[in-house]
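Look over the sequence and the model below before reading on. The paragraphs that follow treat a pocket, a helix and some salt bridges in turn.

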Amino acid sequence: MSDNGIFALRLDGELPAELQPLESVRDAVAKSWTEQQIKQQLRDLADGIAPQVSLDAPLASFGLTENLQDDMNRNDSVDGTPPALVMTAFETELGKAAVLDAAEGVIILVPRAIHAADFEDPQVQSLQSILGNRIDTTLARDVFEAFSNAARGAVDVDINQTTLRSINNSLLGGG
């Protein structure tokens, strides 16, 4: 495990599936079926409303309650909503509605504004630096690999991997 612990699980046997008596599961089945039907009807209603929603015709004009979230960024989340909500909002066209299934029903989301990134923000600058370093490292590795492959292809070279690893370890590991 990530904390260097060990997790062990032993399967002592498998029990065949068995049909439970109707009387013992009737209430749970009826409740589950009712919830599923309600959720499907909510989804159908949302799918009918979503194409009509726009910045000029907000959700409130359809008698729905709006929960406005302003100044969201891609790393944010909204309590009680599916994790895909924020990413879906960033992928949805401004003023157009998208429909998401949620634990309690359905969410219709409508992006209302787009704000440019603040490149003076220390968090944005840090992210730019991290991504720049990753790109530089990846590019350098790719160029070196391409050069190495071309050199090996042009000349009959036999590389002793054990010696190469030893040299790399002494150079990179300081030993």
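On a 1 Å grid over the protein atoms alone, a pocket is an open set of points with protein on both sides within 12 Å along at least five of seven lines, and a lining residue has an atom within 4 Å of a point. Grid points are joined across faces, edges and corners, and the volume is the space filled by probe spheres set on them. The model is predicted: local features need pLDDT of at least 70, side-chain atom pairs count only at pLDDT 80 or more, and totals for chains, interfaces and linings use all residues. Residues are numbered from 1 along each chain as its sequence is written, and side-chain values use heavy atoms, with hydrogens and water left out.

The largest pocket has a volume of about 1,700 Å³. Its lining comprises 48 residues, and Gln69, Met72, Val86, Ala89 and Phe90 lie nearest the centre. Helix 1 (22-49), helix 2 (84-91), strand 2 (105-109) and helix 3 each give two or more residues to this lining; helices (H or I, at least four residues) and strands (E, at least two) are DSSP runs, numbered from the N terminus. Helix 3 provides the largest share, five residues. By class, 30 lining residues are nonpolar (Ala, Val, Leu, Ile, Met, Phe, Trp, Tyr, Cys and Pro), 11 are polar (the others, Gly among them) and seven are charged (Asp, Glu, Lys and Arg).

The structure holds five salt bridges, each a side-chain nitrogen of Lys or Arg within 4 Å of a carboxyl oxygen of Asp or Glu. In one of them, arginine 26 meets glutamate 23 at 2.7 Å, N to O. These two residues are about one helical turn apart, because they sit three residues apart in helix 1. Also in helix 1, arginine 43 and aspartate 47 are four residues apart, and their closest N and O atoms are 3.3 Å apart. Arg43 and Asp47 belong to a salt-bridge network together with Asp101.

Arginine 112 and aspartate 70 form another salt bridge, at 2.2 Å, N to O. This pair links distant parts of the chain, 42 residues apart: arginine 112 is in the loop between strand 2 and helix 3, aspartate 70 in the loop between helix 1 and helix 2.

Conventions: 1 Å grid on protein atoms, 1.4 Å probe; cavity = no way out; pocket = protein on both sides within 12 Å on 5 of 7 lines; lining within 4 Å.
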